[in-house]
Amino acid sequence: MEIPEQKIFSVSEFIQLLNIGLKRSRARIVGEVTQAQVASSGHGYFTLKDENNGAVLSCIIWKSRYSMYGIKLEAGMKIMAQGYPEVYAASGRLSFIAETIELAGEGELKKQYEALKKKLTAEGLFAPERKRPIPKYCQKIGVITSKHGAVLADFLNNLGKFGFKIKMIDARVEGQEAVEDLLSAIRTFRTQDIDALVIIRGGGSLESLMAFNNEMLVREVAGFKVPVIAGVGHHQDEPLVTFAADASVSTPTAAANYLNRSWQEALLFLEKQERIIFGFFEEIFEIQRSIENKLMIFMQNFKAALANLSQKLSYAEKVITLNNPERQLGLGYSLAYSGGKIVRSVKDVLPGRELEIQVSDGRINSEVKKIIK
Amino acid sequence: MTETKNSSKTLRDDLAHLSKITDWFENQAEIDVEEGLKKVKEAVALIKASRKRLKDIENEFEEIQKEVNLDEDE
């Protein structure tokens, strides 16, 4: 911005102008903390010294940020601060406004990591009995990760088709700046209707995963309203968030598989039951077929029995017809009756007696004239 | 059910009786005309009754067979 030469500023106006320009000079600065003080307001005031030539820079970190990063500033500590310079109008002094602070150097990081791990373990934050089971057949899933990179794609590609409803909040997952995003995302999800929360990112060094060792974030995860699955890759020192989570897996794919598990088990159970039911049906069909076969055999046998009876009747009819004495009448034979009895011998009649002769078409009344022996 | 049981028993008894009559005719060297006529009359009545009963049973059986066939088609 060009400043007209004839323009006359008041002191505060000029400082304001300076600060506009200074805010563009954002930088990351590494140095040794020489003086550190936390005011009653909660803001942190410290000085960073150049290790090589002793150059110093006054720094301020506001309360909200200082409490976020969980680092207790002490003289002799080597840190990296990210922020911008600003002139404090009341004193005319230039200070570096630190937006993030983090320990610099693997040794310091490790020390801080171990100390926090010890503290939170002692509080019982990582105790197995605090872990909640991931609900079976959960569908409403909150996901916190970066939308950039392959992590989200890996997670989504490996989720089964079980009707999952995914709500995703994009967050930086690397460096100290990630803490703010992660905290904001997890706090947003507090008010959302979800069954489980998944926090995922790819693997990295202790330094790159430092955000996942942030005390505030760890406490948020431990006290989250629904179970949390952490899929934060790591080499040796497992991020503290994974200890606080209800379930910890090493990759985004494993996190997806974890959510799939109860659904897949249900699917297997249903397939097994289906096979059992089909087996029962087969058995019932087999019994039905057997009954039908027996019925058919019975019907055939019964039909044969009826035919046999009919044949027996026909045979009886034939025998009776052939042996019917009256049949002989048609052949010209006749039956003689005397006194209502069949005449078999001349002894059965006497001359003068009535004799009834039966022929095929009627009876003839006659009288015995003479008996010839 | 009882009626069917009784009727089928009657048919069985009638047939047994009829069988005795035919045996009697077949085993007679010389037919006793009077006894023969008596048995012929008896046998004719038995044959008539048995034929009727057999026809009834056959009709019932056909109905059952139709039902079985219908069930199979379904």
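Over all chains of this predicted model, the salt-bridge count comes to 19. One of these pairs joins the side chains of Arg26(A) and Glu99(A), with 2.1 Å from N to O. The two partners belong to distant parts of the chain, 73 residues apart. Arg26(A) sits in the loop between helix H1 (11-22) and strand E1 (27-38) of chain A, whereas Glu99(A) is part of strand E5 (residues 93-103) of chain A. Side chains of opposite charge can pair when their charged atoms come close.

A second salt bridge to look for lies between the two chains. Here the side chain of Arg51(B) meets that of Glu317(A), at 3.4 Å from N to O. Across the interface of chain B and chain A, the rule finds 1 salt bridge. On the side of chain B that touches chain A, the elements giving two or more residues are helix H1 (2-27) and helix H2 (33-73) of chain B. Of these, H2(B) provides the largest share, 18 residues. By residue type, this side of chain B divides into 17 nonpolar, 4 polar and 6 charged residues.

The extent of the interface can be described in residues and in area. Chain B brings 27 residues to the contact, and chain A brings 24 residues. The size of an interface is often given as the accessible area lost when the parts come together. For chain B and chain A, about 2400 Å² is buried between them, and 75% of it lies on carbon and sulfur atoms. Within the area that chain B buries against chain A, 23% is supplied by Leu37(B), Arg51(B) and Phe61(B), more than by any other three residues.

Turning to the sheets of chain A, one is an open sheet of 5 strands with parallel pairing, in the order E7-E6-E8-E9-E10. Its edge strands are E7 (165-170) and E10 (247-248) of chain A, each of which pairs on one side only. Strand E6 (residues 140-145) of chain A runs parallel to E7(A), and 6 bridges join the two. Within this pairing, Thr145(A) stands opposite Asp170(A) of E7(A). Helix H8 (residues 252-323) of chain A lies across E6, E8 (196-201), E9 (228-232) and E10 of chain A, and runs at about 160° to E8(A).

Another open sheet in chain A has 4 strands in the order E12-E11-E13-E14, with antiparallel pairing. Strands E12 (341-342) and E14 (362-367) of chain A are at the edges and have a single partner strand each, so one side of each is left without a neighbour in the sheet. The antiparallel strands E11 (residues 335-338) and E12 of chain A are joined by 2 bridges. Tyr337(A) has Ile342(A), in E12(A), as its bridge partner.

Definitions and conventions
Residues numbered from 1 in each chain as written. Chains lettered and ligands numbered in written order. Predicted model: local features only at pLDDT ≥ 70, side-chain atom pairs only at ≥ 80, totals over all residues. Heavy atoms only, no water. Pairing = 2+ DSSP bridges. Contact = heavy atoms within 4.5 Å. Axes fitted to C-alpha atoms, helices over the stretch in contact; angles between N-to-C directions. Buried area = accessible area lost by both parts, 1.4 Å probe. Salt bridge = Lys/Arg side-chain N within 4 Å of Asp/Glu carboxyl O. Nonpolar A, V, L, I, M, F, W, Y, C, P; charged D, E, K, R; others polar.
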